[in-house]
Amino acid sequence: MEASSKGKNRRRGKKRRKASGNQPPEASVDVSEQAPSALTSKRRNLGAATSSKVNNPTSFLDKMRARLSGGHFRMLNEKLYTCSGNEAFDYFKEDPELFSVYHTGYQEQMSRWPEQPVNIIITWLKSRNPSLTVADFGCGDARLAKNVKNKVFSIDLVSNDPSVIACDMSQTPLESSSVDVAVFCLSLMGTNYPSYITEATRVLKPGGWLLIAEVKSRFDPNNGGADPVEFSEAVKDLGFSLVSQDMKNKMFILFYFRKKERSASARNINWPELKACIYKRR
Ligand SMILES: C[S@@+](CC[C@H](N)C(=O)[O-])C[C@H]1O[C@@H](n2cnc3c(N)ncnc32)[C@H](O)[C@@H]1O
């Protein structure tokens with residue numbers, strides 16, 4: 001964002017916050033944060049905060065806590081986008097509490113999206129045979145499993161629920177050719193994301209579906225994002241056909257692939273880099 005427009009936006013603070021619901025997540029605003037460079041307004045705000053502290057101590061503490069956890073969430077989010085799945089797994093293993101911090105922040109961000117991709121995937125599954133077995137790679141709070149009748153293998157780095165398999169999703173304990181649908185809903189975060197899709201290819205039955213929902217800006221070549229055609233060509237090289245691609249949502253893109261009956265020998269696939277989805281400090 002340009003420095004001048006930053007200033008304008010700061011002056012229009014209230015308006016901008018309201019509009020942030022329609023921004024991609026990395027551009028969305030953590031309402032608990034102050035603009036870092038606005039020293040004078042920071043001082044003014046601090047003064048206001050101190051006097052309101054006297055009048056309303058709980059609200060002051062809540063704001064301070066929210067600001068700290070907002071910063072913590074951004075740090076964890078950045079970590080997940082800039083390390084490998086293996087590193088992320090070890091990181092959360094050391095302190096599983098951090099996973100809850102990440103997910104509280106993530107849900108807060110998602111609450112501003114007009115539509116969540118996981119709900120589109122739930123609707124898609126509900127319109128199909130409930131006997132289809134599903135693997136939800138990077139399931140988060142396992143909302144998918146909780147909302148469909150299908151057998152769902154929910155996979156994530158940490159398991160806060162006995163039904164969730166805790167592992168790095170590039171190496172799951174699932175059997176080869178055992179699932180009908182593999183889902184990645186905003187979860188291609190690690191720097192080694194192609195290995196997650198390769199693992200999904202292993203566990204999918206021939207003819208199985210691969211559904212990928214990702215933040216739209218990661219697929220905006222005009223803005224440093226990957227070319228969606230290059231991405232789908234790479235997935236096709238792995239042995240899939242692209243059935244459809246849904247670009248109509250402002251916040252995310254959805255790919256529907258189907259695994260070919262005969263597997264391809266996947267060598268030297270040209271995977272585009274998927275840029276990290278970093279939340280800016282406000
Ligand atoms: C942005 S959240 C999305 C959660 C859920 N799919 C949704 O749509 O609400 C991405 C999830 O992917 C998980 N994840 C990222 N890398 C992973 C990995 N290598 N192995 C397992 N889970 C991973 C994160 O822990 C996080 O819970």
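User: What order do the strands of the open sheet run in?
Analyst: This is a predicted model. Its seven strands form an open sheet in the order E3-E2-E1-E4-E5-E7-E6. The pairing is mixed.

User: Which strands stand at the edges?
Analyst: Strand E3 (164-166) and strand E6 (240-246) do. Each has a single partner strand, so one side of each is left without a neighbour in the sheet.

User: How many degrees are neighbouring strands turned against each other?
Analyst: On average 20 degrees, direction ignored.

User: OK, E4 and E5. Parallel or antiparallel?
Analyst: Parallel, over six bridges. E4 covers residues 179-185. Within this pair, Val179 stands opposite Leu204 in E5.

User: And E5 with E7, parallel or antiparallel?
Analyst: Antiparallel, over seven bridges. Glu214 has Ile253 in E7 as its bridge partner.

User: What about E6 and E7, parallel or antiparallel?
Analyst: E6 and E7 pair in the antiparallel sense over six bridges. They form a hairpin, with five residues between them. Gln245 has Phe255 in E7 as its bridge partner.

User: Is E7 mostly covered or exposed?
Analyst: Mostly covered. Six of the eight residues in E7 are buried.

User: Switching to helices. Which strands does H7 lie across?
Analyst: Helix H7 (residues 117-126) lies across strand E1 (134-137), E4, E5 and strand E7 (252-259). H7 runs at about 165 degrees to E4.

User: And H10, which strands does that one lie across?
Analyst: E6 and E7. Helix H10 spans residues 228-237 and runs at about 150 degrees to E6.

User: How many helices and strands does the chain have?
Analyst: Ten helices and seven strands. The chain has 282 residues, and 32% of them count as buried.

User: Now the core. How many residues are in the largest nonpolar one?
Analyst: The largest nonpolar core has 59 residues. Ala135, Ala182 and Val183 have the most contacts inside it. Strand E5 (residues 204-215) gives the most to this core, with seven residues.

User: What is Ala135 in contact with?
Analyst: Leave aside its neighbours within four places in sequence. Ala135 is then in contact with Phe153, Ile155, Leu174, Val179, Ala182, Val183, Ala200 and Val203. Two of those names have come up already: Ala182 and Val183 are also among the residues with the most contacts inside the core.

User: Across the chain, what share of contacts join residues at least 24 apart?
Analyst: 66%, among contacts between residues at least 6 apart in sequence.

User: On to the ligand. How many residues surround it?
Analyst: 19 residues surround the ligand. The closest are Gly85, Gly138, Gly140, Met169 and Ser187.

User: How does that shell divide into nonpolar, polar and charged?
Analyst: Eleven are nonpolar, five polar and three charged.

User: Which helix and strand each supply at least two residues of the shell?
Analyst: Helix H5 (85-94) and strand E2 (152-156).

User: Last one, Cys277. Where is it found?
Analyst: Cys277 is in the segment after E7.

User: Buried or exposed, that Cys277?
Analyst: Buried. Cys277 has 20 other C-beta atoms within 10 Å. The cut-off for buried is 20 or more, so Cys277 qualifies.

User: How many residues apart in sequence are Cys277 and Val215?
Analyst: They are 62 residues apart in sequence. In space, Cys277 and Val215 are 7.9 Å apart, C-alpha to C-alpha.

Notes:
Residues numbered from 1 in each chain as written. Predicted model: local features only at pLDDT ≥ 70, side-chain atom pairs only at ≥ 80, totals over all residues. Core = buried A, V, L, I, M, F, W, Y, C linked by C-beta atoms within 7 Å. Buried ≥ 20, exposed ≤ 12 C-beta atoms within 10 Å, placed from the backbone. Helix = DSSP H or I, 4+ residues; strand = E, 2+ residues; numbered from the N terminus. Contact = placed C-beta atoms within 7 Å. Pairing = 2+ DSSP bridges. Axes fitted to C-alpha atoms, helices over the stretch in contact; angles between N-to-C directions. Near = placed C-beta within 6 Å. Nonpolar A, V, L, I, M, F, W, Y, C, P; charged D, E, K, R; others polar.
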